[in-house]
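Hello,

Here is the structure we talked about. Please take a look, then read the notes below it.

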Amino acid sequence: MKPVRLLIIGAGDRGSTYARWAIGQPERARVVGIAEPVEARRTRLAADLGVSADRLFTDWREAAARDRFADAAVVATLDDQHAEPALALAEKGYHLLLEKPMAPREADCERIVAGVKRAGVLLAVGHVLLYTPFTRRLREVVDSGRVGEIVSLDRLEAVGWWHYAHSYVRGNWRNESTSSFLLLTKACHDLDWIRYVMGERCESLASFGSLRHFRRDQKPAAAGDARHCLECSFEPQCPYSAPRLYLTMLGLGWQGWPVSVVTDDPTEENVRAALSTGRYGRCVYESDNDVVDNQVVILRFAGGKTASFTVTAFSEYAFDRKTRLFGTRGCIEGDGVKLRVTDFVTSQTEEIDTGSADPAQVGGHGGGDLALMDAFVSAVAQNSPTPLLSGPDETLESHRMVFAAERARREHRVIDLLR
Ligand SMILES: NC(=O)c1ccc[n+]([C@@H]2O[C@H](COP(=O)([O-])OP(=O)(O)OC[C@H]3O[C@@H](n4cnc5c(N)ncnc54)[C@H](O)[C@@H]3O)[C@@H](O)[C@H]2O)c1
């Protein structure tokens, strides 16, 4: 069988991760085109993957204007730049791997799914958590029936106090006008995952949440007028101290995320300079953030089953989400790596290591990044959706759950998804 030919749209963090999967799988996939405006990203990836110069583009529109020259496209531009390339490339006959969320507006998600169906192409969305060894093993345990029927589920996305301050108070996802609401940017994975594991249709939901803490009126009096941590006398007592976070990591020899986001060249001098004036050194009570710092969603599934989901800033930084599943014959606890399965007949608990702890072994997102790529390439090679764990309809359903939950939060009401 010939290798699947891939066109990469957006050679940033995600696009390069998916593209580089092909390096180790030359018999299964080859990257034959890259569209990326940032020259350094485009040329570095092209050199590493051996893409010829006539298939390098500075904009997805140039690639889409050509006759189709690949079997599939990976669309990994930023969220509000998903719908147009996805629709144009589907119309050209490219199968699509589209990053999540499909789009920041529900109507665009619907347009994408309609366009994909009209074109008759495959659609995989970057819900990588479905594909991890952890989720696969969990589904095996659930499907085996050993804990009976799952009646309820509880999931916690513990963002972590410093991660929340970095990304959602000071960073790219802090404000809805420049990004989107937290449930979409951080937790659309989770509602999709809950839908997948419950294996039922969500019939109704409600949600509460607020920006409780990272506001001017919560600023400790001792912090006075300080706008940046480096000028604040309260900084040593503040849990959200920027110098403590970034300089401690740097002191330990770590120059990757999140330090690399503060400055491209993370020396101590550069980090201090960035913190003294830049947004990553800003007081968390004096930022222009407006996304919630805590939110809960409660969900009712077909047959009267229930689930709850919490996303919070006020936690330890966790490797992965924590989930508990409650069945009629047993229950399961999981942390993204290990499962603890308790049997109600024997009262015995078995601990199962799903082998997803080490990113160096399994890749990013607990192995989900590489496993999604593997499934997508298989699906394209077979021209069949079978290897994909969720298709256009399921993905649209879970995006609709996310938009509905946010509406429920804003409007203080229960939303019936069957209407
Ligand atoms: N599945 C996951 O778990 C996961 C994790 C992180 C991010 N994401 C999503 O992946 C997407 C990409 O995120 P990222 O972190 O890689 O961002 P990024 O900024 O690193 O990459 C986006 C790339 O798109 C390029 N681009 C901009 N305009 C373009 C155009 N007209 N044509 C072609 N390329 C263009 C940018 O130059 C950039 O290199 C986002 O939608 C994000 O929400 C998903």
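Is Arg409 buried or exposed? Arg409 is buried, at a relative accessible area of 14%. Keep in mind that this is a predicted model.

Arg409 has a salt-bridge partner, Glu406, with the closest N and O atoms 2.9 Å apart. Glu406 is also buried, at 4% relative accessibility. Both sit in helix H15 (residues 392-411), three residues apart, so about one helical turn separates them.

The count of salt bridges comes to 40. Two others to look at:

- Asp108 pairs with Arg111, closest N and O atoms 3.1 Å apart. They are three residues apart in helix H5 (residues 106-119). Asp108 is buried at 14%, whereas Arg111 is partly exposed at 36%.
- Arg155 pairs with Asp190, closest N and O atoms 2.9 Å apart. Arg155 is in strand S7 (residues 150-158) and Asp190 in helix H9 (residues 188-198), so the bridge ties together parts 35 residues apart in sequence. Arg155 is buried at 3%, and Asp190 at 0%.

Arg155 and Asp190 also belong to a salt-bridge network with Glu157, Lys186, Asp320 and Arg321.

Now the nonpolar side. The largest core holds 122 residues, and Tyr164, Leu183 and Leu205 touch the most other members. Helix H14 (residues 368-382) gives the most to this core, eight residues. A second, separate core has 14 residues, including Cys229 and Val259.

Tyr317 lies in the loop between strands S10 (305-312) and S11 (322-327). Tyr317 is partly exposed, at 39%.

Best wishes

Key:
Residues are numbered from 1 along each chain as its sequence is written. This is a predicted model: local features need pLDDT of at least 70, side-chain atom pairs count only at pLDDT 80 or more; totals for chains, interfaces and linings use all residues. Side-chain values use heavy atoms; hydrogens and water are left out. A nonpolar core is a set of buried Ala, Val, Leu, Ile, Met, Phe, Trp, Tyr and Cys residues joined through side-chain atoms within 4.5 Å. Buried means under 20% relative accessible area, exposed over 50%, partly exposed in between (1.4 Å probe, protein chains only). Helices (H or I, at least four residues) and strands (E, at least two) are DSSP runs, numbered from the N terminus. A salt bridge is a side-chain nitrogen of Lys or Arg within 4 Å of a carboxyl oxygen of Asp or Glu.
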